[in-house]
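Q: Could you take me through the structure shown here, giving for each term the criterion on which it rests?

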There are 2 protein chains.
Amino acid sequence: MIDEVFQALAHPHRRQIIDFVHQTPGCSSGEIAALFESSRIAVAKHIKILEKAQLLLIEKSGRTKQHYFNIMPIQTVYDRWTDQYSQFFSAPLNSFKNYV
Amino acid sequence: MIDEVFQALAHPHRRQIIDFVHQTPGCSSGEIAALFESSRIAVAKHIKILEKAQLLLIEKSGRTKQHYFNIMPIQTVYDRWTDQYSQFFSAPLNSFKNYV
DNA sequence: ATCATATGTAACTAATAGGTTTCATAAAGG
DNA sequence: CCTTTATGAAACCTATTAGTTACATATGAT
């Protein structure tokens with residue numbers, strides 16, 4: 001599962017899609033496809049990969065589908081990594097601590 | 001550059017290499033290769049990809065090379081993403097704030 | 001009912017990634 | 001000097017990924 005997330009994030013178009021859906025919640029696949037030069041089908045495949053990684057949640061609405069961003073998988077990855085590499089992340093946390 | 005990092009993190013072996021180097025600073029490419037069933041050359045290619053993404057720093061020492069993990073690129077990615085998705089990350093930050 | 005619109009599926013092609021074998025280089029030790 | 005050990009590079013094969021075109025389905029509007 002963590003592998004699906006890293007895999008999904010590996011393609012720049014897919015990260016762009018995430019960004020767009022994040023700032024345009026409920027958008028359709030057509031709107032997403034319009035962002036790119038490549039074909040609608042190519043974009044649809046990217047969307048499917050993001051959906052499998054649970055980075056996008058999709059809800060059917062009539063003949064379109066509404067797309068929503070889901071931070072959860074990224075949060076999971078982040079938590080696991082910061083736990084493992086806490087020694088590195090402790091520095092910024094401390095400065096934040098001081099700020100608080 | 002951010003693309004190279006995501007790309008580098010996409011392969012499970014490369015993430016394993018990062019983990020190993022992180023807990024075995026200064027290790028050689030031979031030691032890293034010994035972790036995997038696949039050939040030394042295949043692993044060397046993974047190491048090169050990690051080096052290009054600056055996730056590994058390499059120092060020559062006699063006839064071996066010492067490998068070190070570099071959190072910086074991940075930190076950069078993390079900073080950019082948390083900035084962009086701050087609304088999601090604010091929740092845990094707030095709970096941390098309360099804790100502090 | 002008909003037609004346009006939104007999306008999905010299948011089959012195929014091209015590009016990239018991951019791996020192998022083989023040969024080369026270069027440092028350390030007897 | 002010669003051998004062993006550590007690593008690098010080139011050529012090649014295979015698997016996977018990314019993209020295309022063509023066809024299918026289903027909803028909404030006229």
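Q: What makes strand 1 and strand 2 of chain A a hairpin, and which residue in the turn has a positive phi?
A: In this predicted model, strand 1 and strand 2 of chain A form a hairpin with two residues between them, and A:Gly62 in the turn has a positive phi of about 65°. Strands here are DSSP runs (E, at least two residues) and helices are likewise DSSP runs (H or I, at least four residues), both numbered from the N terminus.

Q: How do you know that strand 1 of chain A is joined to strand 2 of chain A, and how do they run?
A: Two strands pair if DSSP finds at least two bridges between them; six bridges join strand 1 (residues 56-61) of chain A to strand 2 (residues 64-69) of chain A, so they count as paired, and they run antiparallel.

Q: What pattern does chain A follow along the sequence?
A: Chain A has six helices and two strands, and read along the sequence they give the pattern α-α-α-α-β-β-α-α.

Q: Why are residues of chain A called buried, and what percentage of them count as such?
A: Buried means under 20% relative accessible area (1.4 Å probe, protein chains only), and 37% of the 100 residues of chain A count as buried.

Q: What makes the approach of B:Arg40 to DNA strand D a polar contact?
A: A polar contact is a pair of N or O atoms within 3.5 Å, and a side-chain N or O atom of B:Arg40 is 3.0 Å from a base oxygen of DNA strand D, so the pair qualifies.

Q: Which element gives the largest share of the surface near DNA strand D?
A: Helix 4 of chain A gives the largest share, five residues.

Q: How are residues and chains labelled, and what limits apply to the values?
A: Residues are numbered from 1 along each chain as its sequence is written, while chains are lettered from A and ligands numbered from 1 in the order in which they are written. Local features need pLDDT of at least 70 and side-chain atom pairs count only at pLDDT 80 or more, whereas totals for chains, interfaces and linings use all residues; side-chain values use heavy atoms, with hydrogens and water left out.

Technical notes. Polar contact = N/O pair within 3.5 Å; in protein donor to acceptor, adjacent residues only side chain to side chain. Buried < 20%, exposed > 50% of the residue type's maximum accessible area, 1.4 Å probe, protein only.
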